[in-house]
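Subject: Structure handover and notes

Dear colleague,

I am passing on the structure below, followed by notes on what was found in it. Please keep it open beside the text as you read.

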Amino acid sequence: MFRSRLTTGVALAAATGLTLTACAGGTDAADAEGGGDVTITYTNFISNGGNEENLATIVEAFEEENPGITVDVTTLPYADYSTALKTDLAGGTASDVFDIEFADYEGYQQNGVLAPLEGADTSAYQKSLAEAYATDGTQYALPSSFSNVVLYYNADLFDAAGLDHPDADWTWADEKAAAEKLTDADAGVFGDYQPISFHEFYKTVDQAGGSFLSEDGSSVAFNSPEGLEAARWLVEKSGTVMPTAEQGAGTPDFDTTLFTDGKLAMWHTGIWMFGALADASFAWDIAVEPGDDRQASAMFSNGVAVSAGSENVEAAQRWAEFLTSSEVMVDTRLESGWELPPVADEDRLAPYLEQGSPENRQAVFDSLESVALAPSIGEKQAEMQDIVTEELTEAAAGRQSVEEALASAEERVNALLG
């Protein structure tokens with residue numbers, strides 16, 4: 001599962017002896033004189049927790065294909081990674097190549113710590129994923145994996161009600177009509193579940209035809225007719241077709257349990273939940289999320305970047321490209337179920353589409369055709385996200401109107417933007 005932002009944990013990293021293994025200039029002068037061999041350092045969190053051997057497979061294949069280049073890997077726990085990376089970047093001791101999340105990309109790029117990836121072949125990647133890591137036409141990182149949000153649905157509930165299943169042509173109006181017909185309060189069955197949160201709000205603002213931030217990013221733009229429509233879309237579900245916070249909405253695993261118990265007809269969540277539904281006792285599938293003015297899907301992505309301070313940029317970029325687009329990487333990820341590779345070649349992704357359960361896995365890739373990228377404001381990102389979620393939650397609870405919620409959120413977030 002992808003997370004919206006990196007958390008901290010340097011104390012644990014120190015306690016377990018985990019440190020970044022080398023500074024950016026990984027090539028020893030003697031090595032260079034002895035035959036031009038290069039060692040590049042790569043620090044990651046993506047393989048931590050069970051995929052270390054999968055990463056080792058990719059490293060081995062790269063070194064076989066690129067004699068003279070050795071990849072020195074350091075793997076850190078996710079919880080420790082952000083602080084460790086920022087400390088090393090500030091001290092000029094970052095690895096040649098390192099993992100980043102999309103939510104943090106803009107802050108790193110603006111701080112000048114990412115090397116431009118000259119000549120990188122971005123045609124190898126899903127277009128929206130590659131564009132997420134480019135600024136003003138220059139590529140500063142490459143996507144290494146991705147996940148996105150789709151609309152899950154309980155096919156048995158739809159069939160019992162005599163309703164057509166959701167498809168890629170559905171709009172908010174279609175979803176609302178179906179949710180109302182499928183909600184049965186007496187039976188404890190709800191028609192819809194969509195978290196009332198920052199991550200759902202920025203996406204629905206886009207779906208309504210609006211923008212979360214102004215074009216130059218200096219102020220918010222969500223307190224608009226489109227933003228109000230998006231907020232109402234989320235808030236007005238609570239207590240009608242969707243459970244309220246008092247009924248458990250928003251608590252850990254509440255929505256998962258509701259869906260797996262067969263008590264939820266539609267569910268907005270990420271593709272990381274496929275495994276949790278493997279033993280479901282009912283028929284289910286997925287569709288591209290409905291939109292209002294347009295479709296827009298939330299995309300979460302990990303990427304890799306080359307340090308601007310690296311003395312081995314060419315070799316580092318070669319490793320970054322291999323790690324994110326090689327055939328070995330694709331096969332390793334698909335065979336192990338280790339997040340989705342970001343490549344564009346549908347033939348290479350065919351094994352994933354043929355795995356079944358859900359049958360419509362094509363919706364995962366169709367969702368990438370129109371992506372709503374999360375707005376990013378740098379170090380105050382988490383505070384911004386909390387503000388928006390808090391204000392919308394207050395509106396859902398009836399303690400303020402949607403108009404009041406967005407006005408308050410606008411004032412508070414604009415203060416963060418300075």
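**Helix α4 and what follows**

Gly92, which comes just after α4, takes a positive phi of about 75°; helices here are DSSP runs of H or I with at least four residues, and strands are runs of E with at least two, both numbered from the N terminus. This is a predicted model, in which local features need pLDDT of at least 70 and side-chain atom pairs count only at pLDDT 80 or more, while totals for chains, interfaces and linings use all residues. Residues are numbered from 1 along each chain as its sequence is written, and side-chain values use heavy atoms, with hydrogens and water left out.

Helix α4 (residues 78-91) has 14 residues and reaches 21 Å from its first C-alpha to its last, close to the 20 Å expected at 1.5 Å a residue, the expected span being 1.5 Å times one less than the number of residues. Among the buried residues of α4 are Tyr78, Tyr81, Leu85 and Leu89, where buried means under 20% relative accessible area, exposed over 50% and partly exposed in between, with a 1.4 Å probe and protein chains only.

**Strand β7**

Strand β7 (residues 266-270) is mostly covered, with 5 of its 5 residues buried. In a regular strand the side chains alternate between the two faces of the sheet. In β7 both faces are covered, with Met266, His268 and Gly270 buried on one side and Trp267 and Thr269 buried on the other. Strand β6 (residues 142-154) runs antiparallel to β7 and is joined to it by 5 bridges (two strands pair if DSSP finds at least two bridges between them), and Val149 stands opposite Gly270 in β7.

**Aromatic rings**

The structure holds 26 aromatic pairs, counted when rings of Phe, Tyr and Trp (its six-membered ring) have centres within 6.5 Å, with planes under 30 degrees apart called stacked, over 60 edge-to-face and the rest tilted. The rings of Tyr352 and Phe365 have centres 5.7 Å apart and planes at 80°, so this pair is edge-to-face. The pair links distant parts of the chain, since Tyr352 belongs to helix α14 (residues 346-353) and Phe365 to helix α15 (residues 362-366), 13 residues apart, and both residues are buried. Arg361 lies over the face of Tyr352, at 4.6 Å from the ring centre, and the charged end of Arg333 sits over the ring of Trp338, 4.1 Å from its centre; a charge sits over a ring if NZ of Lys or CZ of Arg is within 6 Å of the ring centre and within 35 degrees of the ring normal. Elsewhere, ring pairs link Tyr152, Phe259, Trp267, Phe274, Phe282 and Trp284 into a cluster.

**Loops**

In the loop between α14 and α15 lies Pro358, and the peptide bond from Ser357 to Pro358 is cis, with omega near 10°. Asp253, in the loop between α10 (225-235) and α11 (254-260), has a phi near 65°, a positive value in a residue other than glycine, and at 55% relative accessibility Asp253 counts as exposed. Glu339, in the loop between α13 (327-336) and α14, likewise has a positive phi, near 55°, and at 25% relative accessibility Glu339 counts as partly exposed.

With kind regards
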